[in-house]
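Please keep the structure in view while going through the numbered points.

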Amino acid sequence: MRDVRKRGSEAILYVVIPCFNEEEVLAETAKRILKKVDSLIQERKISQKSRVLFVNDGSKDNTWRIIKQLHRENLRFTGISLSRNRGHQNALLAGLMTAKEKADVVISMDADLQDDIEAIDAMLEKYRAGADIVYGVRSSRESDTWFKRNTAKIFYKIMRALGADVVDNHADYRLASCRALNELANYQEVNLFLRGMFPLIGFKSEIVYYERRERFAGKSKYPLRKMLGFAWDGISSFSVRPLRIITTLGILITILSILVLIYSLVMKVIGNTVSGWTFTVCSIWLVGGIQTLSLGVIGEYIGKIYGETKRRPKYCIVEDLSDDAI
């Protein structure tokens, strides 16, 4: 297990980039990130052994072929390929766990060039000053649609209300020291939400603000359906408060039902009965809907428990381009 404290020119940097069907953007991404890494080496900010690690997440296009070609042309590039598509979080974790055995510090970013590569300098400065985790945080969301901008605000407010410690407007553009990644490896949950797991580590952290750009090419791999699923994974992975809300709601409905029962009995005794058909039907639908929703939430938690107890591997690496000779 690598656990060193190199923070100067001897520090080995690995840039981890998960890729899923990124053939349209990969060449440009490699060009820009190589230019940045080479400049950092020339400025003696990182070691000559620094690398760019691409993680092929079961891509169906030519992504892995391009990664292997980049590796043949320049050993600064390396890569691993997963046996099948395991999702962004698992692919990112595979890259981080691979890089931590060889690097002193790791920076993760997406392949679409929306993250500002120039922010790497500021991240390394924070690292050299003693930070083990540096979060890349968007300075604004003006480039987003109204819907995405406001749903993001709601998501972060819900996460904080439910007790999860998350950094607003931070995705997966971050720096992590080898020491932080060694601690991350101790977190064994199958349902991953890395942007919520890193704050749990507790080491010194800093923030670097940057302007997020439009995607260079290709289509987003996170449509609305996946975004909603990812948001629910984050909420359910870090809080049991939804279950407590259901319990509270059940108590309130029970109290309300008793009050309605008492009211009905009183009306029956004094002989002031009414048909009440609409009220009865509405009550049945309301309670039935709440019960169905509650069972769904409970079922989601049971499903997560089921997945965790099986302890299946989070990823499987079928090909590794690692080569320590530069």
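1. Strand 3 (residues 77-82) and strand 8 pair in the antiparallel sense, over three bridges. Two strands are taken to pair if DSSP finds at least two bridges between them. Within this pairing, S81 stands opposite E319 of strand 8. Helices (H or I, at least four residues) and strands (E, at least two) are DSSP runs, numbered from the N terminus.

2. The model is a predicted one, in which local features need pLDDT of at least 70 and side-chain atom pairs count only at pLDDT 80 or more, whereas totals for chains, interfaces and linings use all residues. Residues are numbered from 1 along each chain as its sequence is written, and side-chain values use heavy atoms, with hydrogens and water left out.

3. With which strand does strand 3 pair in the parallel sense? The partner is strand 2 (residues 51-56), and the two are joined over five bridges.

4. Strand 3 is mostly covered, since six of its six residues are buried. Buried means under 20% relative accessible area, exposed means over 50%, and partly exposed lies in between (1.4 Å probe, protein chains only). In a regular strand the side chains alternate between the two faces of the sheet. In strand 3, F77, G79 and S81 point one way and T78, I80 and L82 the other, and all are buried.

5. T78 of strand 3 has a relative accessible area of 2% and is therefore buried. Leaving aside neighbours within four places in sequence, T78 is in contact with Y14, R51, V52, L53, F54, I67, H71, L321 and S322. Contact means heavy atoms within 4.5 Å.

6. V318 touches S81, L82 and S83, not counting residues up to four places away in sequence. The C-alpha atoms of V318 and S83 are separated by 5.5 Å, although these residues lie 235 residues apart along the chain.

7. The sheet as a whole is open and consists of eight strands in the order 7-5-6-4-1-2-3-8, with mixed pairing. Its edge strands are strand 7 (205-210) and strand 8, each of which pairs on one side only. Neighbouring strands of the sheet are turned by 20° against each other on average, direction ignored. Helix 4 packs on this sheet and touches strand 4 (105-108), strand 5 (133-138), strand 6 (170-177) and strand 7; the direction of helix 4 makes about 45° with that of strand 6. Helix 7 also packs on the sheet, touching strand 5 and strand 6, and its direction makes about 40° with that of strand 6. Axes are lines fitted to C-alpha atoms, for helices over the stretch in contact, and angles run from 0 to 180 degrees between N-to-C directions.

8. Seven of the eight residues of helix 7 are buried, so this helix is largely enclosed by the rest of the structure. The buried residues are L194, R195, G196, M197, F198, P199 and I201. G202 follows helix 7 and has a positive phi, near 90°.

9. Two packed helices are described by the angle between their axes and the distance between the axes. For helix 3 (residues 88-99) and helix 7 (residues 194-201), the axes come within 11 Å and cross at roughly 45°. Helix 3 is therefore oblique to helix 7. Angles under 35 degrees count as roughly parallel, over 145 as roughly antiparallel, 65 to 115 as roughly perpendicular and the rest as oblique. Q89, L92, L93 and L96 of helix 3 make the contact with L194, R195 and F198 of helix 7.

10. The axes of helix 1 (residues 26-42) and helix 4 (residues 119-128) come within 11 Å and cross at roughly 40°. This angle makes helix 1 oblique to helix 4. From helix 1, I33, K36 and L40 meet I120, D121 and L124 of helix 4.

11. Overall, the protein chain has ten helices and eight strands. Of its 326 residues, 44% count as buried. Among contacts between residues at least 6 apart in sequence, 84% join residues at least 24 apart.
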